[in-house]
Structure formats: structure tokens, C-alpha cells
Amino acid sequence: MTSAALPPPAPEPAWSPEPASGPGPASRPVLALRGVGKTYPNGKVALRDVDLALGEGEFVFLVGPSGAGKSTLLKLLIRDELPTAGEVIVDGRDLARVARRKVPDLRRRIGIVFQDYKLLPTRSVRENVSFALEVTGTPRRRIRPAVEQALAVVGLSAQSDQLPTTLSGGEQQRTAIARALVHEPRLIIADEPTGNLDPLISWEIIQLLLRINELGVTILMATHNAEVVTSLRRRVVALEEGRIVRDGVGGYHRED
Amino acid sequence: MGFPRFLAFSVGRALQGIRRNALMSLAAIATMVLMLLLLAGFWLLQAGLAAGVAYVEEKVEIVADLRDIPGAEAVLVVQAQALAAEVAAMPEVRAVRYVSKDEALARFQARLRERGQVDLTGYLDRNPLPASLEVSLVDPRDYEAVVDLLSSHDEVVEDVVEIQQLIERLTSVTDVLRTGGAVVLVVVGFVVLFIIVNTIRLAVVARREEIEIMRLVGASDAFIRWPFIFEGAFVGLLGAGVALVILAVAAGPAGEMMYGFFRVLPLELGSLARDIVLLVVGTGLGVGVVGSWLSVRSYLTS
């Protein structure tokens, strides 16, 4: 399956209220990259001619060798970088047209999970998760239930008062996932979430992400984990030297 | 989030931040205390130096030896006192003192006694020493007009002691001391500023992961920045407070020791204490806030 014809760009301002969700990728996509290119000031071409659209509820793997452009693509999605060509549209908004001071708002609508968890080491599991809501100025009485729910989904309710240093890698990643979940995002981006974990724990994390996907959250996961990708048979977007060379259901390698 | 709530929130986070990073905060406060003590110390030295220099300059006097005509003493005294009044009215003059012949003799005798020399003045028929006018100036450099006036009254003034050279030599030294003192203070000030800002910067660098995570999770710049600014303010105020306590405690015994020495100096202790408090608190708070703001800024490139 190649990307279907993208829906025509909606004539809306860069700032719109919560979009209604529709069925599948043909209706308003959760994210869309159109003709996106990224060339760094030093001349390195990280991405070229990238066309990609993700629909509501999809679970997509982003694969490719190191240096293929996976991290760059994810950075564009959270506006850590701006494209040098094309448009990046997330949740209906053209990221390039979002004012700088509105960027934090953007990031609150996307859940991000990293390979190194990126947890605050001096705070407990509960505090790490509630932090994501604190920064948005959510009143305390609304934070508590949201945090408890997120912790329940990832199965860490019992460890909620522990510090990250006392947790295993898997538990730390689950904390990060709970943090990504807590403000109920439409999209979760995971950059090599199982990179630091052993195969058994990796599978647990993947199962968790699959469960979250079933709840309706779109998931885009960059990974080197060939076994997981091949056995799950989901949509795979393969990057090579900055270009998308494959986009469809399949395994980690072309021949899988 | 409303402004007052945001403020309370930032202050709360700031206090949390200081507690959670207690060691770094302590290091920053300790550095702040030492640097503020250094600054206050040099300020005191500079004030003392300026006072000492002013004291010396005040002591410079123009001396005019008055005519001594036997038989005309009464007239001369009246004329001398009139001249003294005229001189005293000049803006360049701080005070005029009339030293009578008798007083001049008494001083001479006292000096002989001090040096252990034999006093033979008793053998003299009359007092050979002249009366004189001792004129002290507001600024030793403004001697010309006074000298001119005294010289012009040669009916009562015998001789004006030549002091130009003395004054020029003195003021060249005092000028150097004053300028040098100010320069040293400025240099010390810069060193203090640099060290404090660096210490704060180190403290913030240690928290850069925390800042990065805040950015990725969608915290606004203001949300990230203000707790750090308050932390800097608290560290600055705390450091200033401790420094002032140390100075106050040291001021007691040190003050007594110095009082005897400085008593003669035109040093105004009341305003000096106020100046030091302002300096210490102002520097601590100011550098704490600005240092934090600058340090966080480099990590806020969204």
C-alpha cells in the first residue's frame, strides 16, 4: 500500500480547535509531510523529497540504517528543527507557520518517548508524570486523577513513589510512556524506545504501545529492532539516505 | 495560569530547586558570601584610603609670618586680626588661625623640651619669634589666591612661607592614591562579578538535562526561566545576608581597633555602613538574578 492521494490542504488558520477524528488515513491525517527536505547549514542533506501521511489510529514503524534521517524526521515533527523544503503538518497545523512562543503548546499535544527515557532523576515516578501536566498550568486537582490513570495503563501504580534510579530500564521507559500519555495526545512519537532494553523487556514495551494504539492513539516508532518489526507485520516506512524507499505493510527488511 | 499564581508557582519551584540541588546551591551561596566579603572589604579600604588622603590634604596650611615692629605691637595685632577675617571670608579657605608671639614662643619651647635641648630663651630680652597666620584650605590646590592676598598686605605680612612645591608634590601623590584606589575597586568589582556569574552558570549547566526535558515536554520559556531567576535571587539574598552578618560581627572588634586610628579621620561611619549594606545586597541580588537569567537563556533556544 503506497500512500493514498493526500487530501487537499484544508484552508484553515495555523491555529484551530481540537480536530474531530475521522476513520482512517484518507480523512484528516494526524500528521503529513509534503515534499519535505532538510539540508543542514554544513551542507549535509538529511532528508529529501519526503511524502508521508499518518491517519488516526495507525501504528507505523520508521526504519532505516543509522544516518538515514529517522531522528531528523522526528525532530521536524516536534519542531526541534524546521524543514528547508516542503511542509510539515501536525494535527492540521503547518509547523513552520506556528509562532515560536506557541511551540511549547504544540509539544504538549504530542507524546514523545526516547531511547534514554529522559526522566528527571530527582523526582519520583508520579512527579515525573505529573510534570508534563504541571508545565501546562493544569490545576492540581485535575492532575492527580490523570496521573493515576496513566500509571495504571502502564502498570506502574505500585512504584509511583520510587525514584528513577531505583527502577529497571523497562520501568523507566514505562514511566516515560505514562508521561507521554498523561495529556491524552492523538499522537505518540517513539525514538528507539527499546534501544537500551533487553529483548524480553523490549517486547513488554512494544505490547504496551500496541495496547495504547488500540485505545486510539496514533503511534510512530523509529526502531532498529528487526525482530519486532518483522513479526508484527505493520506499516513500515523505510528511510535510506534521506529518502523514503518503502512505505507499506511488511517486515524490517525489504525481503521479509 | 494567572500571574499571581504563576509567581507563587515559580517561587515554589525555585525553593524546591534549591533544596533538590542542595550541594550546588550551597557552593553558589558560599562563593557569593566570599565574593561579597571581598567586595565589601575593598570598599572599606577604598573609603579609608580616601579619608586618609582627605585628612592629609586638610593638614596643608599656608603660613604667613607677620611683621614684628617693637612698639607697634598693638596696632599690628589689630591689623593682623582684620587680615585674618578677610582671609577667612575667602571661599578657598577653611579656617584661619592667629598665632600670637607668646604662643609661638611657647610652641618653640615645647619643641626644645621634646628634643631634649636646652632652653636658652629665658636669656633673651624680648620674644624674637613673629606672630603668624595659619591658613588651612578646602582644597590644597587652591592656594594661589590666598597667597596673593596675604602677600599684598605687606604692611602686616612679613613673609609667606613658600609652599607651592610642597603642595604640588603632595597632590601628585594623593591623586595617584585616589585614582589607584578607585581602579583597584573597579577591578575587584569585575573579578567578583565574573566569579559569581560563573558559579551560577555552573549550577545551571548541571541542570541542563532538566531544562531540556522541560522543553521537550512543552514547557514555555517563561515557565522554565522564572524559577531559575528566583533561585538566583534567593542565592544572592542569602549570600548577602550571611556576608552582612559576618561583617556586623567583625565590625565590633575591628571597629574598636580601628577607632583609635581612624578617630582623626573624616570618616562618616553611619553613611559608610549604609553604603556597604546597599552594595552587598544590591550586588548579591542583582548578580544573582542577572546571572541566572543569562545562564538559562542559552538553553532556551526552542
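Buried here means 20 or more other C-beta atoms within 10 Å of a residue's own, exposed means 12 or fewer, partly exposed is in between, and the C-beta atoms are placed from the backbone. Helices are DSSP runs of H or I with at least four residues, strands are runs of E with at least two, and both are numbered from the N terminus.

Before I go on, this is a predicted model: local features need pLDDT of at least 70, side-chain atom pairs count only at pLDDT 80 or more, and totals for chains, interfaces and linings use all residues. Residues are numbered from 1 along each chain as its sequence is written, while chains are lettered from A and ligands numbered from 1 in the order in which they are written.

α6 of chain B covers residues 164-205. With 42 residues at 1.5 Å each, it should span 62 Å, and its end C-alpha atoms are 61 Å apart, which agrees. The expected span is 1.5 Å times one less than the number of residues.

What about the rest of chain B? We have nine helices and four strands, and along the sequence they go α-α-β-α-β-α-β-α-β-α-α-α-α. The radius of gyration is 31 Å, well over the 19 Å from the globule rule for 302 residues, so chain B is more spread out than a compact globule. That radius is taken over C-alpha atoms, and the rule is 2.2 Å times the number of residues to the power 0.38. Along the principal axes, the C-alpha atoms of chain B fill a box of roughly 105 × 40 × 30 Å. Of its 302 residues, 26% count as buried.

Let me zoom in on one residue of chain B. B:Arg94 sits in strand β2, residues 93-99. Is B:Arg94 buried or partly exposed? Partly exposed, with 14 other C-beta atoms within 10 Å. Beyond its neighbours within four places in sequence, B:Arg94 is in contact with B:Ser136, B:Leu137 and B:Val138; contact means C-beta atoms, placed from the backbone, within 7 Å. B:Asp139 is 45 residues from B:Arg94 in sequence, and their C-alpha atoms are 8.7 Å apart.

Now, where the chains meet. Chain B puts in 12 residues and chain A 15. On the chain B side, helix α7 (residues 208-217) gives the most, with five residues. By class, that side has seven nonpolar, three polar and two charged residues. Nonpolar is Ala, Val, Leu, Ile, Met, Phe, Trp, Tyr, Cys and Pro, charged is Asp, Glu, Lys and Arg, and the others, Gly among them, are polar.

Over to chain A, which divides into domain 1 (29-109 + 185-256) and domain 2 (117-184); those bounds come from an automatic or database assignment. Their C-alpha centres lie 23 Å apart. Between them, 11 residues of domain 1 are in contact with 12 of domain 2. Helix α6 (residues 199-214) of chain A gives the most to the domain 1 side, with five residues.

Last stop is strand β3 of chain A, residues 59-63, where four of the five residues are buried. β3(A) runs parallel to β8(A), residues 218-222, joined by four bridges, and it also pairs in the parallel sense with β9(A), residues 235-240, over four bridges. Pairing needs at least two DSSP bridges between the strands. A:Val60 stands opposite A:Leu220 in β8(A), and its bridge partner in β9(A) is A:Arg235.

Notes:
Two residues are in contact if their C-beta atoms, placed from the backbone, lie within 7 Å.
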